[in-house]
Amino acid sequence: MTTRSEKNRRLREILNSDGLGTVMAAHNPLSALLAEEAGFDAIWGSGFELSTSYAVPDANILAWNTHLDLMRAIADRTGIPLVADIDTGFGNAVNVSYLIPMYEAAGVSAVVIEDKNFPKDTSLRVGGRPKLISPAEFSGKIEAAVAARQSPDFTIIARTEALNAGLGREEAIRRGLAYVEAGADALLIHSKQPTSEEIISFVEAWPSSVPLVIVPTAFPELTEEAARDLGKIKLVIYGNHAVRAAIGGMRDVFARIRRDGGIHTVTPDLPATQDVIELAGDARMRAVEEHFLR
């Protein structure tokens, strides 16, 4: 199994490279394993996906330790870096200071903290509450995170919601530069516009060498090739596609079973039970049995 420090260094290498890292969301260890199997460079420990899996809104309703426990479970079962979505840091700079060492100890390689009010409202919700805290207050959170980390290879990513709050490109840049000055290793710039024009405009105007991170949920036409060609984006996060795929797949199978009055039509289309058993780590259990079970 890849060590924690190796995962941390791998993420740093991606951020410092000339290429583009791909990050897939996960809401449990199984979805994280499937993302690793598919060839993604890292896992996005998505607060949105976790909340959805509990059937509650992405609005800091779940406790921080629920999210932390999930991050630990994912890190224990995967060999690629894990980027934890910790929303607003579950409070102020004091909360952030206490939580960063816990996430680092859980095997996380990076955290993303956003400059919204606590409790947050999810970014892509129609009619949501895009209220931001002041740049000074959020810079304090970033400084607290940097001071609290145990290893310099642990990555702190600041996320600004200035574009989603309607504050414009210049304010987004002003906030981003303030967060970089506070010690952020990268900046996640987010937009819910249905085209990539707003993001591209920001990227082209970004004056810092600090790498950028994007989540192209709302503007899927921005391909990895196009993002790479912009030169300043180093990570692309697919923020909710695992849980959306799971919802779509389950809806389809469940509806077909009810329609057909049994599982006879869906069984050929599903992964074999043995595949599920192997994904759950059967080989390791068998090895333990062989060596120790008397």
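Helix 5, which spans residues 93-105, gives the most to a nonpolar patch, with three residues. The model described here is a predicted one.

**The surface patch**

The nonpolar patch lies on the surface and is formed by Trp64, Val94, Tyr98 and Met102. Together these four residues have about 410 Å² of accessible area. Trp64 is placed in helix 4.

Helix 3 covers residues 47-53 and helix 4 covers residues 64-77. The loop between these helices holds Ala55, and Asn60 is placed in the loop between helix 3 and helix 4 as well. Ala55 has a positive phi, near 60°, in a residue other than glycine. Asn60 is not a glycine either, and its phi is positive at about 60°.

Is Ala55 buried or exposed? Ala55 counts as exposed because its relative accessibility is 71%, and the exposed class begins over 50%. Asn60 has a relative accessible area of 15%, so Asn60 is buried; the limit for buried is under 20%.

The table lists relative accessible areas and the class of each residue.

| Residue | Relative accessible area | Class |
|---|---|---|
| Ala55 | 71% | exposed |
| Asn60 | 15% | buried |
| Ile237 | 1% | buried |

**A buried strand residue**

Ile237 is part of strand 8, which runs over residues 233-238. Its relative accessible area is 1%, and therefore Ile237 is buried.

Which residues is Ile237 in contact with, leaving aside its neighbours within four places in sequence? Val23, Trp44 and Leu188 are among them.

In sequence, Ile237 and Glu181 are 56 residues apart. In space they are 24 Å apart, taken from C-alpha to C-alpha.

**A cis peptide bond**

Where is Pro119 found? Pro119 is in the loop between strand 4 (110-114) and helix 6 (135-148). The peptide bond that joins Phe118 and Pro119 is cis, with an omega of about 0°.

Note on methods
Residues are numbered from 1 along each chain as its sequence is written. This is a predicted model: local features need pLDDT of at least 70, side-chain atom pairs count only at pLDDT 80 or more; totals for chains, interfaces and linings use all residues. Side-chain values use heavy atoms; hydrogens and water are left out. Helices (H or I, at least four residues) and strands (E, at least two) are DSSP runs, numbered from the N terminus. Buried means under 20% relative accessible area, exposed over 50%, partly exposed in between (1.4 Å probe, protein chains only). Contact means heavy atoms within 4.5 Å. Patches are made of residues with over 30% relative accessible area and no salt bridge: like charges are joined within 9 Å, nonpolar side chains (Val, Leu, Ile, Met, Phe, Trp, Tyr) within 5 Å. Accessible areas come from the Shrake-Rupley method with a 1.4 Å probe; for residues, only the protein chains shown count as cover. A salt bridge is a side-chain nitrogen of Lys or Arg within 4 Å of a carboxyl oxygen of Asp or Glu.
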